[in-house]
Amino acid sequence: MSGAEADAFEYEPRRNMLEQRELRREYRTLLASAQNTRRHLPESSISDVGDMVRLGDELYTKVKAPSDSLLDSRFLLSMSDMGAEMTRTRRVGADAFDMDDYLHRVAQFIGGHVVSGRRTRDEDALASGDTELWDWDKLGAVAAQYTRRAPIPEFMLGPLQVVPKHRKAARTARLDTDAEHVAPQQLAASDITQSENETSRMVLDIASRLEEASGEEGICLFRFAFNPESFSNTVENLFYISFLIRDGKAAIIEDEHGDPRLMSTYEPTEEDRNAGLTRRQIVLELDEGTWRDLCALYDVTQPMIPSRTTHARTGTTTWYG
């Protein structure tokens, strides 16, 4: 960039107001022209866009303040969008290909003509004639200049014969009006037996057993909760123990070997929480393989929490809620 060009882009804080107003008026006129051209884009040409870009370049040489550069930025953005839209329009038009005209020219080249795909008044005049008399060797000689590979029908897409899919009629069941109607079973209040809250009972029972077995130093969590005879009972025991930990009636600590020990505690008061006592939650993943390995590692041979069995109730109309 020369020295004269560099001086033209220097910022002038005390610029002539008349020149600045005239520049803004010219920019607004150019922006209005660009918007009008964009509304009639199919009727416009690339040369029209080029003329506006050149006019914008001339106006940019007069820009001396940031407020004027904003108008120039708006003009550039408008021209960029217009150019992208014009490019897409030209690209769509360039993809058009007249197959009928192409086949007609090829047929004339080898000494014949084809029937056009368009409807004409005189279809007899466009009869294809005897294609066996066409000079196919002439066409092959031209094609051999570009490829020596024999054409094969690999370009064909899809099956040669398409089997139409028939829609299956949905079957609807008919209402049998002659069938015997059976009234639903009527239940009375005496048929509903309130079952004992098993979860609350087990939580209290495990809390009592933990208080007797833990002492001051606590007891190994795996020896207390694991049932070597039943994996399902082991999972249930851990489930019940989680309620004790949630309520603050039990806690898990680590001993000097890093093993988890379960111990009975007093439920924390509001003063303990205000002093900074917090609760933490952990997720314990346990499968049957890990359960067996832990039972063998900690020598768990007898369950400290008795095993429980579930009896299925059959042959009764009593409802348990």
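Guide: Helices (H or I, at least four residues) and strands (E, at least two) are DSSP runs, numbered from the N terminus. Y102 is found in one of them, helix α5 (residues 99–109). This is a predicted model, where local features need pLDDT of at least 70, side-chain atom pairs count only at pLDDT 80 or more, and totals for chains, interfaces and linings use all residues. Residues are numbered from 1 along each chain as its sequence is written, and side-chain values use heavy atoms, without hydrogens and water.

Visitor: Why does Y102 count as partly exposed?

Guide: Buried means under 20% relative accessible area, exposed over 50%, partly exposed in between (1.4 Å probe, protein chains only). Y102 has 43% relative accessibility, so it counts as partly exposed.

Visitor: What lines the second largest pocket?

Guide: A pocket is an open set of points on a 1 Å grid over the protein atoms alone, where a 1.4 Å probe fits, with protein on both sides within 12 Å along at least five of seven lines; lining residues have an atom within 4 Å of a point. Here they are A207, L210, E211, L244, K249, S264, T265 and Y266. Helix α7 (residues 198–214) gives the largest share, three residues. The space is about 170 Å³, a volume filled by probe spheres set on points joined across faces, edges and corners.

Visitor: And how much space lies in the largest pocket?

Guide: About 1100 Å³. Of its 28 lining residues, I245, I252, R280, Q281 and I282 are the closest to the centre. The largest share, eight residues, comes from α9.
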